[in-house]
Amino acid sequence: MEPPTLVISTVLSAMAYNHPPEKLSVYVSDDGGSEFTFYALLEASRFSKHWIPFCKKFDIEPRAPEAYFSLQYSSLQDSKFAQEWLAIKILIAGRDTSVVDNDGNRLPTLVYMSREKRPKWPHNFKAGAVNALIRVSSEITNAPFILNLDCDMYSNNADTIQEMLCFFMDEKKGDEFAFVQFPQYYNNLTKNDIYANRCLVTAEVIHPGLGGYSAALYCGTGCFHRRDSLCGRKYFRGDRVQWNIESEKNAERTTGDLEESSKVLASCSYEKGTQWGKEVILYLPL
């Protein structure tokens, strides 16, 4: 089981992106089915009502609470900032049940998923979890782009979504991109990095080299995928997606109805006898 505080820190960094909240949804896949993680996410949803306005008001980076509060400040010259900076740490224990943040703005959707597991049924590890998330998210929000993050890989740039859209919406080559991979950087490394945890060869040699050939590697985290590409759609030159269409999917369905219909998609037997993990979505190694 991953530390719940680590998980919610990554979740909050994604919820605090500079992007319209009604178009932003965060899904958490917990294969361990931990009650600690579940209730940590419940607290994170409450804390987000304070954290997101704080981030956007003072334009802070990074927006992962654990990483941000670990920074050392010699002085806090702005008294208003200092007051909120000191207060924000203890608000995680609050019990605000409103559906908007402290500034009255809508919050991003936050979904917790723990897929079904049974003995003798292969769950296919991370690939299986991602495939289940893709199916469940298509039932609830069905956004055209999907960012996957490991629980310990928080986002350190609040404008990442805008940067990603520059690739996918490019008028000349946007139809050629199936995914956009962002590099990974690491904290808390030893001075000499004797275990090569910085992955310098991968980050500074392999990826730039592949970029010279107009190619890229999917690293398993920090990557934006085009949903249609994951589902097998073929793109051709001149093929354009209509981005200005407002989706009305599930507009009249209740939360309970969506939860029940999503459980079927997260069952361990859903992929049996299908091409899921073979020709559709992620490859599942034997």
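Helix α1 (residues 4–15) and helix α2 (residues 35–58) have axes that come within 9 Å and cross at roughly 40°. The two helices are therefore oblique to each other. Their crossing is right-handed. The model is predicted.

Next, the backbone. The loop between α2 and α3 (65–69) contains P62. The peptide bond leading from E61 into P62 is cis, and its omega is near -10°. D59 lies in the loop between α2 and α3 too. Its phi is near 50°, a positive value in a residue other than glycine. F125 also has positive phi without being glycine, with a value near 55°. F125 belongs to helix α5 (residues 125–140).

Now helix α7. This helix spans residues 200–211 and holds I206. I206 contributes to a nonpolar surface patch of about 330 Å², together with V201, V205 and L217.

How accessible are these residues? The table gives the values for D59, F125, A203 and I206.

| Residue | Relative accessible area | Class |
|---|---|---|
| D59 | 54% | exposed |
| F125 | 62% | exposed |
| A203 | 29% | partly exposed |
| I206 | 35% | partly exposed |

The classes follow from the cut-offs: exposed means over 50%, buried means under 20%, and partly exposed lies in between. D59, at 54%, therefore counts as exposed. I206, at 35%, therefore counts as partly exposed.

Notes: Residues numbered from 1 in each chain as written. Predicted model: local features only at pLDDT ≥ 70, side-chain atom pairs only at ≥ 80, totals over all residues. Heavy atoms only, no water. Patch = residues over 30% accessible without salt bridge, like charges linked within 9 Å, V, L, I, M, F, W, Y side chains within 5 Å. Areas by Shrake-Rupley, 256 points an atom, 1.4 Å probe, with all protein chains shown as cover. Salt bridge = Lys/Arg side-chain N within 4 Å of Asp/Glu carboxyl O. Helix = DSSP H or I, 4+ residues; strand = E, 2+ residues; numbered from the N terminus. Buried < 20%, exposed > 50% of the residue type's maximum accessible area, 1.4 Å probe, protein only. Axes fitted to C-alpha atoms, helices over the stretch in contact; angles between N-to-C directions. Parallel < 35°, antiparallel > 145°, perpendicular 65-115°, else oblique. Left-handed = near helix turned anticlockwise from the far one by under 90°.
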